[in-house]
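Visitor: I would like a close look at one spot in this protein. Please start there, and then show me how the rest is put together.

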Amino acid sequence: MRSVCRILPFLISAVLFAQIRPLGHAPFGKKLFCIQTEYFDFIFPEESAASARVLASRADDFYREICARLEVSDSMRKALCGMPVFITRETEILNGYFTPLPYNRIVLYDSAPPQSFAVFSDTILSVFYHELVHAVSLNIKSPFWYGFSRAAGDVYSPSLLLNLPTSFTEGIAVSFESARGEGRLNDAYSMHVIRQAKLEGKFPDWRTAAGAYSAYTDGSLPYIFGAAFADYLQKTYGQHLYAEFWKQSGRMHLFKLSAGIFKKVYGISLKQAWNDFEQSIQLPCSNPPAREATALCLQATQVCLQTIPLFPEKSTENKDAVKGRHLYKSLTFAPDVLSDEDEFSAAASGLNGGGTLAWYDAASSSVWKVRIGADGKPIGKPVFLYTSDLSERLFFSREGDFSVSSGLRGGKKAQSAASVYDVKRGIIAAEVSGLRSAALIRTKDGKDMLAGVQRERTGLCIAIYDMQSLLRNGKNGFSSAHEDPPPIHKIPFGRTSFPFDICDAGDGRLVCLVKEGKTDSPVQDSSADDEREGGLLYKLFFYDLETSRSYSYEAVPNAGVSPALHSLSVYEGRAFFSCSLGPDFQPALARADFALFKEPPLEGISCGSDAFSVLSVQKEQYSGGVFSPVCISGGTAFISRFYEHRRLSVFSETVLEKSFCDAYRFSFTPSTAEAVRTKQVVVPPVSDTAIRPYRPFRYLKKGTIVPFAGFLNAAFFERYAPDFPSLGLSAFSGDPAERFLLAAGAGIDPFARNYNVNAFVAASSYPFGFAAGFYTQAGLKKSKLEKAAVKLSAEFAIPVGIPFTHIYGANNTGFFYTLSKTPFAPAGFLFENKTELAVRFAKRTGTGVYETLGLKAGFFVLLYKNEDPMHDKKNLIGAHAFETSVQLPFLLPFKNPRRFTLNLPVAFDAIYYINASRLWEVRSNAVLFSYNMQVPVPFMPIFIREITLDGGVDYTAFYNNTSLLSVHSSLFFGSSLNSGSATGVPFDIGVLFRWTPPDRGSNAFKFSFKFNLKL
């Protein structure tokens, strides 16, 4: 019982303290506004006003619709009345989240989607709908829990805290978002992981897909498998039974979690239902019956074919790919450009028509290249080009002398950027902030331009920069003191139009793929029939850099089938795509001839005319699909995505000729508008009088009361905090913009016979964070003060121009008092001020758990008064130290077998002190053995990820020629809970062995229990 009383408040405090730190979604100086509807408060900065108006016009209807589908009672619907929804543009990561801490609220990132997530006709509405499903479903509670949460906080929901894993909570949201014909369940690229798992016989069980599995690299298992299972349940057993399952999940069931609740509602075991669900998955090699009689004659091959690897089967590159060591993400190709004399000699040597293929490997965050011969085969081994944290797109210039990487960088507050790498000189020649999907375009007079997608106030635009101006700007790794030169052209797009994959179309034109919602006005009836009239249009958009004229062609459905186009590349007058014909089909190769895309758009040509059927799509279905295809000499290279690995594959010219002789045919037709960019942004008519100033303090009356934990912010005081968090009550609240947070608590430790009172405040305004807190501790008998502390903290972390590198700074000031001396603090009054400045670098080098290269170098200055463990003097003393940390992915120079770690990853920390009793100290730790298990524990909601044996040495040297030595080793399981809100939160559990040299007969060997919560 004593252990439970100690551990329970520790776990609650550790988990909650890590989650309640404010993220600062808007700077303090930014003015915010609010639009109130019947159920919601939409809070937003001025630049997100258009999105806020769109959401305010539809949100209440969405809420009523979701409540009706889940059969939520009228009284329960009031639980979300007045829920704040904060909209921010502080990051360009498209995302959103619902959280009940410290009260029910939603945060939406008002950003453009990446191509893989552009599956909605109106993205901001659909992301809000997804998060609103979370808000409704996780607030379905029994009357007892409804009443308790009204008093203590919205977070107290059995379905959220205990009963359901991530696959259920995300499954309902993704299945509901897909109910109107859009969303991830209707997108072949999102559903690819399910089809591929069944094709390979690796379909996971429900526990593996619950959310704790960490080996699959894109984290899609709980979302996609959970959503497909939720959709299967709703269609097989009906919506009423599915709603009943959520009602039961909102109650406490003794000795029952998701599996027990499922059997109670559905009458069959969750394992059996999951097996039935697996059998219902349509394999890509089978033909959907509903399409057998269509005019398009969609008949997939009866056997899902195997692709041919680009590199030989026994090559190191291919073997590593099959073992899951590479995560290919983007391909680009540059053909050789030869003079007439060189071309004749190259033809004589058999090298004519070759080129260079490059790719981005997300496993090592690096760009690689290889020479390709005229026969389409690699020549030699891959060559490392450069490291980059821009992973969305890679593009070669015509001659291959420049490579452009573009994407997002900067962590949670990521911003888009494009980096131009000079291949010959081996340096970053130019960088432009705010660009995505970037490419180099050549004008008719031979000038190079950098074009990319840029975010504007009410939508996106294509911005075009002069390359010579960028090169003169002189960026070469670190951020330049000069600002980016202004773009020479800007091509605006509508609010629901998303341009991707800009390419050089030749003749001074750029071409890009545009995904566009069928309507730019979301103000329409919310019935399912009307919503199904929406959807996505796929267009090829052309822009002439000389005349500034633009035109577009739209892909036309054939026999009810619409081609979904991804990953545009261009080679010798042809466009190449990855194309999907529906969620039951593998992504296949498609191509179109630019000769038929004339300007101005052709008039009077029937979409079904043979002369206008310019898009050809492979009929053959291939295991792994076709992703990011690029035409190379002698064929087409692409990425095959298997369930547990990715591989570079190739179609030879012979295979392509055969495929496209008998291919599906689709048409492109001129768009009805003069250009995509002339489309007007339609904003719903929300009255200006409905927009009010934002008042953050009105939300502080809501909050969360935490029982059993009387000291939530104990970790803030580090070594001066009590040994164990006390039993008691804590409460906290904050503003919806997460600019500040307030917490207070009081608790008692019955074993140490003392009590404490504490308070804490934190604020955030990127890139700065601030915190302050105090606590007092007194004895129970005489109420004599035993400890007291006041601490102030400020810190910042700013990314620099070098990939994966931040400058970090912090200042911590504390006033501490202790009645009696402890191993960590002297008796009496102590003042301490620590200022730290460091450079941090951390980069993944592979897919293994410990494959990370890290470096930290910096110094800190410490001011303190009274006794200190480092010094004996009692005056105000200043000490400073230099600190460095190194993390290496291996010491032994060999590659690990699959799932094993045997090459000794090591971490090393060293501190050198000046003007202190310590001279230096060293801490080291090496992973001696690790095995990536990825298995659920039967009959327990715990998932074991890996088992690890590590060991290391700690050594401290003092100026008086004494030292401390400690040798330690531990055997532990890297694990995670597999149910409730803690699903996927990692922790280590095992045993720890430590040996120190014997001192005065003390025991040199110690064994202890190891528990480390990784938050």
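Guide: Start at Leu460. Not counting residues up to four places away in sequence, Leu460 touches Ala112, Val453, Gln454, Arg455, Ile491, Pro492, Phe493, Ser497, Phe498 and Pro499. Here, contact means heavy atoms within 4.5 Å. Keep in mind that this is a predicted model: local features need pLDDT of at least 70, side-chain atom pairs count only at pLDDT 80 or more, and totals for chains, interfaces and linings use all residues. Residues are numbered from 1 along each chain as its sequence is written, and side-chain values use heavy atoms, with hydrogens and water left out.

Leu460 lies in strand 17, residues 460-466. Strands (E, at least two residues) and helices (H or I, at least four) are DSSP runs, numbered from the N terminus. Leu460 and Phe493 are 33 residues apart in sequence, and their C-alpha atoms are 5.5 Å apart in space. Leu460 counts as buried, at 9% relative accessibility. Buried means under 20% relative accessible area, exposed means over 50%, and partly exposed is in between (1.4 Å probe, protein chains only).

Now step back to the whole protein. It has 17 helices and 48 strands. Of its 1015 residues, 55% count as buried. Take the contacts between residues at least 6 apart in sequence: 60% of them join residues at least 24 apart. The accessible surface comes to about 43000 Å², and 58% of that belongs to carbon and sulfur atoms. Such areas come from the Shrake-Rupley method with a 1.4 Å probe; for residues, only the protein chains shown count as cover.

Next, the helices. Two packed helices are described by the angle between their axes and the distance between the axes. Axes are lines fitted to C-alpha atoms, for helices over the stretch in contact, and angles run from 0 to 180 degrees between N-to-C directions. Under 35 degrees counts as roughly parallel, over 145 as roughly antiparallel, 65 to 115 as roughly perpendicular, and the rest as oblique.

Begin with helix 8 (residues 188-199) and helix 9 (residues 221-237). Their axes come within 9 Å and cross at roughly 75°. Helix 8 is therefore roughly perpendicular to helix 9. Ser190, Met191, Val193, Ile194 and Ala197 of helix 8 meet Leu221, Ile224, Phe225 and Ala228 of helix 9. By class, this contact has 8 nonpolar residues, 1 polar and no charged. Ala, Val, Leu, Ile, Met, Phe, Trp, Tyr, Cys and Pro count as nonpolar; Asp, Glu, Lys and Arg count as charged; the others, Gly among them, count as polar.

Look at Ile224 in helix 9. Ile224 is buried, with a relative accessible area of 4%. Leaving aside neighbours within four places in sequence, Ile224 is in contact with Arg184, Leu185, Ser190, Met191, Val193 and Ile194. Ile224 and Leu185 are 39 residues apart along the chain, yet their C-alpha atoms are separated by 7.4 Å.

Helix 9 has another partner here. Helix 9 and helix 12 (residues 270-280) pack at about 95°, with axes 10 Å apart. That makes helix 9 roughly perpendicular to helix 12. Phe225, Ala228, Phe229 and Tyr232 of helix 9 meet Leu270, Ala273, Trp274, Asp276, Phe277 and Ser280 of helix 12. This contact has 8 nonpolar, 1 polar and 1 charged residues.

Compare helix 4 (residues 123-137) and helix 7 (residues 166-177). They pack at about 130°, with axes 9 Å apart. Helix 4 and helix 7 are therefore oblique to each other. Tyr129, His130, Val133, His134 and Ser137 of helix 4 make the contact with Thr169, Glu170, Ile172, Ala173, Val174, Phe176 and Glu177 of helix 7. These residues divide into 6 nonpolar, 4 polar and 2 charged.

Finish with the backbone. Most residues other than glycine have a negative phi, and most peptide bonds are trans. Now find the cis bonds. One joins Leu101 and Pro102, with omega about -10°. Pro102 is in the loop between strand 4 (96-99) and strand 5 (105-109). The bond from Tyr766 to Pro767 is cis too, with omega near 10°.

Ser365 is not a glycine, but it has a positive phi of about 55°. Ser365 lies in the loop between strand 8 (355-361) and strand 9 (366-372). Ser365 is buried, with a relative accessible area of 7%. Glu738 is not a glycine either, and its phi is positive, about 55°. Glu738 sits in the loop between strand 33 (727-734) and strand 34 (740-749). At 7% relative accessibility, Glu738 counts as buried.
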